[in-house]
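Good morning, and thank you for joining.

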Amino acid sequence: MIHIHFIVNPIAGHGNAPLTHEELQSYFIKGVHDLTIKVTEYKAHATALTKASIVEKADIIVACGGDGTINEVATCLIGTDIALGIVPMGSGNGLASNLKIPKNRRKALEIIRNRHAEHIDVGNINGRYFFSNTGVGFDASLIKNYESSEKRTLLGYISACAITFKNIKKNTPLSIGIDGEAPLLNPFIILISNSNEMGYKLSLTPKASLQDGLLDVLIVKKIGRLKMLWLGFLILIRKVHWLKESRSFQTKKISLKCEQSDFFDTQVDGEHNRIDDNHLTISLMEKSLRVLTAK
Ligand SMILES: Nc1ncnc2c1ncn2[C@@H]1O[C@H](COP(=O)(O)OP(=O)(O)OP(=O)(O)O)[C@@H](O)[C@H]1O
């Protein structure tokens, strides 16, 4: 018997297509697959439910939600033999898209039934894992505004983008040193990416790979509002490197030091995360997570 546990976030994406036991059962075989469904009731609940599923000896644990839910489930599976399954039900679905796991539920469940697994790299920021990307600057502020808007849709994302853009001059000046170099004053974005997608098919690091043992870093220096609009356009056409204030490179490890404050506002896999330290160490653990993917 193969024990498959589904951890479902009911508010992910539009939260309007619940996954039922009956629906799931129709894709699996009675007597071969034993299915358990657990529904999250609050932020971080997926972590507790996954830990319980590990104790209950699940063979596969499936995150049904977006990048936030995947992060909570996958974090618990590092260092175990349990494979992560993904049913993309989020708004952006960046990691699933990079792994070519379709939003179509039948096709996503077929991947789980077929049980073809691959190992992917995992990022680490001051002890916290990330699978897609992490960053400071504009994207971290944008995520903070996105979360407070409580509209987890593309429209909510665009509106958070407009608010962040409008408030940019009100931000406290920050200078950030990267790998011991001379600090940059108010860098617009420092994005450290494991995956080549941020969600909604957008990418700031199109060359990133989940299996190359490297992090892809994009640094955009302080820029004016017109340049920000130009950058927005370049993101849409995947040509961020055309912006002369941008720099991209690959590395296994990067450290950031903030001069003025004793904490960093970051985003980790699309969730706002305040880190109470003025030093960030971001590194990569090669092929540390088993994920079910299409062959
Ligand atoms: N019942 C719940 N009520 C409120 N928040 C929840 C609940 N269950 C899970 N969460 C939280 O919802 C947040 C968003 O989840 P998730 O990332 O899966 O969806 P999304 O934001 O719509 O998708 P994406 O990250 O791909 O854009 C996560 O931080 C998760 O912990």
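Let me begin with a definition: a residue counts as near a molecule if its C-beta atom, placed from the backbone, lies within 6 Å of that molecule. Please also bear in mind that this is a predicted model. The protein chain has a mean pLDDT of 90, with 97% of its residues at 70 or more. For the model, the ipTM is 0.94 and the pTM is 0.90.

With that definition in hand, we may turn to the ligand. Which residues come nearest to the ligand? Among the 26 residues around it, they are Gly65, Gly66, Gly68, Thr69 and Gly90. Two helices, α2 (45-55) and α3, each provide at least two residues of this shell. The largest share belongs to α3, with four residues. Sorted by class, the shell around the ligand contains 14 polar residues, six nonpolar and six charged. Domain 1 (2-115) and domain 2 (129-287) each contribute at least three residues to the shell.

That brings us to the domains themselves. The domain assignment divides the protein chain into domain 1, residues 2-115, and domain 2, residues 129-287. Taken over C-alpha atoms, the centres of domain 1 and domain 2 are 27 Å apart. How many residues are in contact across the two domains? On the domain 1 side there are 16, and they meet 18 residues of domain 2. Looking at the side of domain 1 that touches domain 2, the elements giving two or more residues are α3 (67-77) and α4 (94-98). Here α3 gives the largest share, six residues. That side of domain 1 consists of 11 polar residues, four nonpolar and one charged.

Next, I turn to the strands. An open sheet is built from six strands, in the order β12-β11-β10-β7-β14-β15, with antiparallel pairing. From one strand to the next, the twist averages 20°. Within this order, β7 (residues 133-137) and β14 (residues 264-268) pair in the antiparallel sense over three bridges. Thr134 has Val268 in β14 as its bridge partner.

Finally, please look at strand β5, residues 117-125, which pairs with two strands that I shall take in turn. With β16 (residues 279-292), β5 forms an antiparallel pairing over eight bridges. In that pairing, His119 stands opposite Arg290 in β16. With β6 (residues 128-130), β5 pairs in the antiparallel sense over three bridges. Here Gly123 stands opposite Phe130 in β6. The hairpin of β5 and β6 has two residues between the strands, and in it Asn126 takes a positive phi near 45°.

Thank you for your attention; I would welcome your questions.

Technical notes. Residues numbered from 1 in each chain as written. Predicted model: local features only at pLDDT ≥ 70, side-chain atom pairs only at ≥ 80, totals over all residues. Domains from an automatic or database assignment. Contact = placed C-beta atoms within 7 Å. Nonpolar A, V, L, I, M, F, W, Y, C, P; charged D, E, K, R; others polar. Pairing = 2+ DSSP bridges. Axes fitted to C-alpha atoms, helices over the stretch in contact; angles between N-to-C directions. pLDDT = per-residue confidence, 0-100.
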